[in-house]
There are 4 protein chains.
Amino acid sequence: MKTHILLITCNDQTGIVARVSGAIFQHGLNVIRNGEFVEQESSRFFMRTEVEGDLDESELLNELRSHLPPGAVVRLAEKREKRIIVFATKEPHCLGDLLVQCAFNNLNAEILSVVSNHNHLGSFVKNFGYPFHHIPHKGRSREEHEKAILELIEPDQVDYLVLAKYMRILTPEFVAQYQNRIINIHHSFLPAFVGANPYCQAFQRGVKIIGATAHFVNEGLDEGAIIAQNISPIDHQFGLNEIVRTGHNIEKMVLARALHLVLTDRVFVSGNKTIIFD
Amino acid sequence: MKTHILLITCNDQTGIVARVSGAIFQHGLNVIRNGEFVEQESSRFFMRTEVEGDLDESELLNELRSHLPPGAVVRLAEKREKRIIVFATKEPHCLGDLLVQCAFNNLNAEILSVVSNHNHLGSFVKNFGYPFHHIPHKGRSREEHEKAILELIEPDQVDYLVLAKYMRILTPEFVAQYQNRIINIHHSFLPAFVGANPYCQAFQRGVKIIGATAHFVNEGLDEGAIIAQNISPIDHQFGLNEIVRTGHNIEKMVLARALHLVLTDRVFVSGNKTIIFD
Amino acid sequence: MKTHILLITCNDQTGIVARVSGAIFQHGLNVIRNGEFVEQESSRFFMRTEVEGDLDESELLNELRSHLPPGAVVRLAEKREKRIIVFATKEPHCLGDLLVQCAFNNLNAEILSVVSNHNHLGSFVKNFGYPFHHIPHKGRSREEHEKAILELIEPDQVDYLVLAKYMRILTPEFVAQYQNRIINIHHSFLPAFVGANPYCQAFQRGVKIIGATAHFVNEGLDEGAIIAQNISPIDHQFGLNEIVRTGHNIEKMVLARALHLVLTDRVFVSGNKTIIFD
Amino acid sequence: MKTHILLITCNDQTGIVARVSGAIFQHGLNVIRNGEFVEQESSRFFMRTEVEGDLDESELLNELRSHLPPGAVVRLAEKREKRIIVFATKEPHCLGDLLVQCAFNNLNAEILSVVSNHNHLGSFVKNFGYPFHHIPHKGRSREEHEKAILELIEPDQVDYLVLAKYMRILTPEFVAQYQNRIINIHHSFLPAFVGANPYCQAFQRGVKIIGATAHFVNEGLDEGAIIAQNISPIDHQFGLNEIVRTGHNIEKMVLARALHLVLTDRVFVSGNKTIIFD
């Protein structure tokens with residue numbers, strides 16, 4: 001039987017769950033998994049429901065909207081592989097992990113292509129059978145560079161852009177075109193060590209734990225809504241190289257975790273926070 | 001406004017959420033927090049809902065039962081401090097943590113008394129102002145010992161018995177009288193190292209991580225439904241003493257976590273598993 | 001047989017380990033545990049050795065100094081309970097944990113007294129049998145307040161001051177009198193969320209992990225050398241209260257861990273870093 | 001300047017460190033990193049020292065042996081890439097992680113070939129440019145199957161065999177030929193859930209944490225010396241598929257960690273324990 005994921009965001013109101021679950025029942029759908037959450041500070045209601053059964057999409061959505069406060073966002077996510085483009089620079093660990101996962105259909109995503117400002121990873125990507133686009137930033141202004149990228153990727157019906165250690169800052173204009181659709185992995189436990197060289201900063205500060213953060217990209221540097229974080233203990237014996245080695249393992253785990261959540265439609269964004277039904 | 005916690009367990013059926021949330025809405029109650037879960041292997045439905053508002057308890061429960069399959073268990077948990085009796089033997093760390101928490105109302109529990117088969121912790125407990133009952137097991141059969149305990153604790157309207165490093169095995173007869181109401185902390189990552197001296201076993205096996213497990217007590221040794229577990233890394237430099245020291249910290253954290261969950265009515269037991277709405 | 005802890009810091013040089021371990025051997029001492037570390041960026045050598053046997057302290061130290069570069073710091077730490085004074089404000093969780101540990105000799109410390117700028121914790125501390133000094137800050141300048149504290153604590157031969165959620169910032173003058181001898185627990189994963197209300201900051205930032213940091217206090221706010229850190233995962237369902245509850249458990253674990261290390265002479269400070277032989 | 005790793009195991013004796021470090025100094029070698037450990041229960045001494053400088057290997061080793069108790073094992077590990085053969089069955093996650101690491105020289109190993117009892121991973125491996133040997137077990141006795149494997153791998157000067165989710169049990173005879181040179185990843189937190197289907201066992205037991213263990217293979221099932229372990233929290237919402245997905249991430253992290261340690265000569269085996277200088 002076909003499975004659908006119903007995603008609802010609206011202002012909170014008494015009785016929403018009753019009305020929505022009533023409508024689902026009347027359409028003869030079976031609830032497999034259900035989650036609701038009310039964010040107190042914004043008085044916003046979030047709901048994610050996996051249902052099983054045959055449905056007329058527009059009919060169901062229209063009825064649901066009739067039960068919800070004005071401005072409600074209601075959508076049915078298709079349970080399908082998402083279409084992603086991966087951005088990388090020179091480091092292979094996060095990209096490699098995604099390529100291996102996709103090679104065995106473990107990511108719920110189809111990689112359309114890999115874009116890089118360097119040529120370093122080209123033959124590696126091509127061995128996996130994916131297109132690799134080298135778009136150098138040298139000799140181009142930031143705007144020209146992004147324009148070249150956009151020309152390349154816009155024709156694709158891409159769902160998400162994944163920055164798998166892409167070491168360029170995107171302009172607000174670029175980001176605006178893919179709102180809440182660009183996922184970055186930052187190699188620190190944000191908000192600690194924003195910006196460049198977080199491992200170097202961590203080494204110099206003498207922290208006992210390092211981490212990584214996967215987040216949506218917004219116009220502020222490393223300020224977008226956090227999707228996943230994880231950490232690993234270190235000690236004074238860790239030189240910078242060992243911190244980096246340890247960190248790379250966390251980065252790839254955290255990015256994989258965040259992508260799993262996003263690509264299976266489990267993540268809502270509310271301001272600079274995520275609400276995750278995992 | 002008054003807050004109530006509604007707890008429902010029944011066989012799964014299409015439309016339960018719709019009917020229950022409809023009834024809650026019709027009673028003019030506001031849902032603050034809501035969780036549902038269907039255990040696939042048992043086809044059992046579990047629901048925990050925090051609602052706000054005035055209600056007629058028996059009227060609400062009767063109506064809810066009328067909407068649910070036969071055999072449904074429905075109850076309203078009062079949002080109140082639970083009444084607990086703590087059992088200990090000689091080690092103070094878990095007991096001490098509970099006493100400190102209760103001294104500042106951080107546990108959602110009232111400690112009625114502390115029971116021990118040794119006198120070791122007596123003055124410590126009394127300094128906190130709680131009754132301490134020394135019921136030695138020496139010279140008594142297991143049945144006589146438990147009988148003495150039962151005579152002491154039965155008059156109390158106790159909600160839960162907390163075994164805070166109580167180093168005696170309870171008989172199935174004793175356990176049966178407090179089904180799913182006895183919580184134990186075991187000093188290993190169950191099911192590893194069941195039984196006696198788990199730290200010694202861990203030392204001898206050369207594991208790189210040790211742990212602790214809080215679980216409900218049933219008739220099998222260390223086999224009851226697990227509520228919470230946590231771990232800490234160790235290495236070859238850890239002698240048995242250092243393993244024990246590290247372990248004690250995990251034990252008290254895990255027990256505190258499990259008690260927080262149980263004492264705020266977040267835990268359902270289903271067979272040998274727990275379903276936790278945290 | 002008596003155990004001693006030998007602690008050496010000096011500029012690095014080829015052959016130090018050979019000369020030091022030769023001298024230890026010639027004095028007929030048995031090495032139980034030994035650790036060395038060279039900090040590359042400072043070219044400093046650190047060594048901690050536990051030895052067993054009878055020794056003439058000044059003779060051994062003099063000989064060791066003769067083998068080491070000029071400026072070497074060599075000392076024998078007595079293996080004894082350290083003398084500490086605990087500072088707190090209103091929150092009991094860290095203080096309570098220390099009191100319970102000390103009550104059963106698990107901290108390698110003797111608590112001389114507890115100092116607080118509020119009266120809130122007074123009877124709690126007195127029930128454990130320790131002196132409690134309420135030194136209010138209200139109506140006093142920061143300098144007057146610290147002067148009152150210093151007058152109280154200076155007569156004691158105190159080894160360390162432990163800030164167990166003491167919510168006052170100490171002046172550089174105060175700190176200078178107890179260099180590398182004041183240990184603070186900060187309720188965030190430093191350097192994230194420096195300063196006031198870190199849990200509130202964490203809540204607003206939408207992080208997925210919170211943490212705590214135990215560090216030596218220096219003249220900069222939350223900038224002293226870090227001794228221990230730990231974290232706990234949270235999610236969007238955690239309101240501020242639940243973040244605080246979760247955080248309190250981490251705080252007490254991290255402070256206990258840091259104190260264990262410091263009070264057993266395992267921690268060297270090098271600039272804003274710690275070198276820990278655990 | 002050239003770097004060497006000196007590895008010593010012998011019965012403990014007073015003065016060993018002094019004599020060994022004296023000899024190192026006399027040979028004009030500079031100690032970069034040094035670790036010693038005495039295992040109390042076996043009275044065995046372990047030492048790992050990284051030194052810098054020119055040396056005459058046999059001269060140094062002979063001198064060191066003259067300073068050590070009879071039976072001492074002393075060797076100089078070359079700081080070079082180790083030669084490994086990877087065994088896999090059908091699952092790609094651990095193997096893929098190793099292939100990506102090796103493709104960018106991050107593992108300190110050269111993969112000589114990949115051996116599998118299935119053909120499933122063949123084209124994947126070949127895309128990375130490594131030989132893939134499909135040696136089916138069907139229609140062969142265990143001895144015949146292992147004989148075919150041995151014939152294939154014996155000509156290679158292999159340092160370690162890495163079982164990256166190789167789902168066959170090796171005979172004691174096979175294991176004996178590669179003592180302490182076969183590394184396995186087991187998908188549970190050993191000693192919990194020995195043997196087949198540990199994730200299924202974990203699901204049925206209702207644990208709140210799952211884990212993975214990398215260990216040397218010996219003649220007992222899942223009983224060899226543990227090198228690395230790690231865990232991930234789960235809850236009642238995790239079905240078996242989600243447990244497996246989560247577990248796979250831990251497996252690849254733990255195996256990568258263990259291999260890093262082994263392949264850089266940081267691991268001693270003592271009975272069923274490892275001593276690790278990381």
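This is a predicted model: local features need pLDDT of at least 70, side-chain atom pairs count only at pLDDT 80 or more; totals for chains, interfaces and linings use all residues.
Local features need pLDDT of at least 70, side-chain atom pairs count only at pLDDT 80 or more, and totals for chains, interfaces and linings use all residues. Residues are numbered from 1 along each chain as its sequence is written, chains are lettered from A and ligands numbered from 1 in the order in which they are written, and side-chain values use heavy atoms, with hydrogens and water left out.

Start with chain C and chain A. A rotation of 180° with 0.0 Å of shift along its axis superposes chain C on chain A, with an RMSD of 0.0 Å. Copies are superposed by least squares on the C-alpha atoms of residues with pLDDT of at least 70 in both. Of the residues of chain C, Ala192(C) comes closest to this axis, its C-alpha lying at 2.2 Å. The same surface serves both copies: 100% of the contact residues of chain C recur in chain A.

How many residues does each chain bring to this contact? Chain C gives 30 residues and chain A gives 30 residues, where contact means heavy atoms within 4.5 Å. The size of an interface is often given as the accessible area lost when the parts come together. Here chain C and chain A bury about 2600 Å² between them, 62% of it on carbon and sulfur atoms. Buried area is the accessible area (1.4 Å probe) that two parts lose on being put together, summed over both. In chain C, Arg205(C), Lys208(C) and His236(C) lose the most area to chain A, together 27% of what that side buries.

Helix 7 (198-205), strand 11 (226-233) and strand 13 (273-276) of chain C each supply at least two residues of the side that touches chain A. Helices (H or I, at least four residues) and strands (E, at least two) are DSSP runs, numbered from the N terminus. Strand 11 of chain C gives the largest share of that side, 6 residues.

Now turn to chain D. Chain C can be laid on chain D by a turn of 180° and a shift of 0.0 Å along the axis, with an RMSD of 0.0 Å. That is the relation of a two-fold axis. Ala18(C) is the residue of chain C that comes closest to this axis, at 2.6 Å (C-alpha). The contact takes 14 residues from chain C and 14 residues from chain D. The area buried between chain C and chain D is about 1100 Å², with 55% from carbon and sulfur atoms. Across it the rule finds 3 residue pairs in polar contact, both at pLDDT 80 or more. Helix 1 (16-26) and strand 2 (30-39) of chain C each supply at least two residues of the side that touches chain D. Helix 1 of chain C gives the most, with 6 residues.

Last, His187(A). This residue is found in the loop between strand 9 (182-186) and helix 7 (198-205) of chain A. Is His187(A) buried or exposed? At 12% relative accessibility, His187(A) counts as buried; buried means under 20% relative accessible area, exposed over 50%, partly exposed in between (1.4 Å probe, protein chains only). A polar contact of 3.2 Å joins the side chains of His187(A) and Lys165(A).

Conventions. A polar contact is a pair of N or O atoms within 3.5 Å; within protein, one must be able to donate a hydrogen and the other to accept it, and residues adjacent in sequence count only if both atoms are side-chain atoms.
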